[in-house]
Amino acid sequence: MAVQKSRVTRSRRGMRRSHDKISPLVVSEDPVTGESHRRHHVTESGMYRGRQVITKAAVPDEADQE
């Protein structure tokens, strides 16, 4: 089993951890609908770069199933 030769200082530990931070999400706005979304992702309404790429299927109402 590996055993460290000497203690890691607070400075070296901090320098190693400096890249572990979480960056904030980058949000874009769709040019057509103005809807905000994550970069390179489809919006809630199915738009991507101003075009409709996903059409949502019609959800049947609960009244129709009875």
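Which backbone nitrogen lies 3.1 Å from a polar atom of the side chain of D30? In this model, the backbone nitrogen belongs to T33; such a pair is a polar contact, that is, N or O atoms within 3.5 Å, where within protein one must be able to donate a hydrogen and the other to accept it, and residues adjacent in sequence count only if both atoms are side-chain atoms.

A word on the basis of the description comes next. The model is predicted, with local features needing pLDDT of at least 70 and side-chain atom pairs counted only at pLDDT 80 or more, whereas totals for chains, interfaces and linings use all residues. Residues are numbered from 1 along each chain as its sequence is written, and side-chain values use heavy atoms, leaving out hydrogens and water.

The chain holds two helices and four strands, arranged along the sequence as α-β-β-β-β-α. Helices (H or I, at least four residues) and strands (E, at least two) are DSSP runs numbered from the N terminus. The predictor's confidence in each residue, pLDDT, runs from 0 to 100; its average over the chain is 87, and 86% of the residues score at least 70. Confidence is highest in helix α1 (residues 10-17), at 96, and lowest in α2, at a mean of 63. Where pLDDT is low, the predicted coordinates should not be read in detail.

Of the 66 residues in the chain, 9% are buried; buried means under 20% relative accessible area, exposed over 50%, and partly exposed in between (1.4 Å probe, protein chains only). D30, in the loop between β1 (27-29) and β2 (36-38), is buried yet has no salt bridge, a term for a side-chain nitrogen of Lys or Arg within 4 Å of a carboxyl oxygen of Asp or Glu. The nearest side chain of opposite charge to D30 is that of R49, 8.6 Å away; here Lys and Arg count as positive and Asp and Glu as negative, while His and the chain ends are not counted.

R49 itself sits in the loop between β3 and β4 and is exposed, at a relative accessible area of 68%. Its C-alpha atom is separated by 8.3 Å from that of V32, 17 residues apart along the chain. Most residues other than glycine have a negative phi. R49, although not a glycine, has a positive phi of about 55 degrees, and H40, also not a glycine, has a positive phi of about 65 degrees. H40 is placed in the loop between β2 and β3 (47-48).

In strand β2 lies H37, which counts as buried because its relative accessibility is 14%. The side chain of H37 reaches the backbone oxygen of H41 at 3.2 Å.

I54 is found in the loop between β4 (51-52) and α2 (62-65), and its relative accessible area of 43% makes it partly exposed. Together with V42 and V53, I54 makes a nonpolar surface patch of about 220 Å². Patches are made of residues with over 30% relative accessible area and no salt bridge, like charges being joined within 9 Å and nonpolar side chains (Val, Leu, Ile, Met, Phe, Trp, Tyr) within 5 Å. Accessible areas come from the Shrake-Rupley method with a 1.4 Å probe, and for residues only the protein chains shown count as cover.
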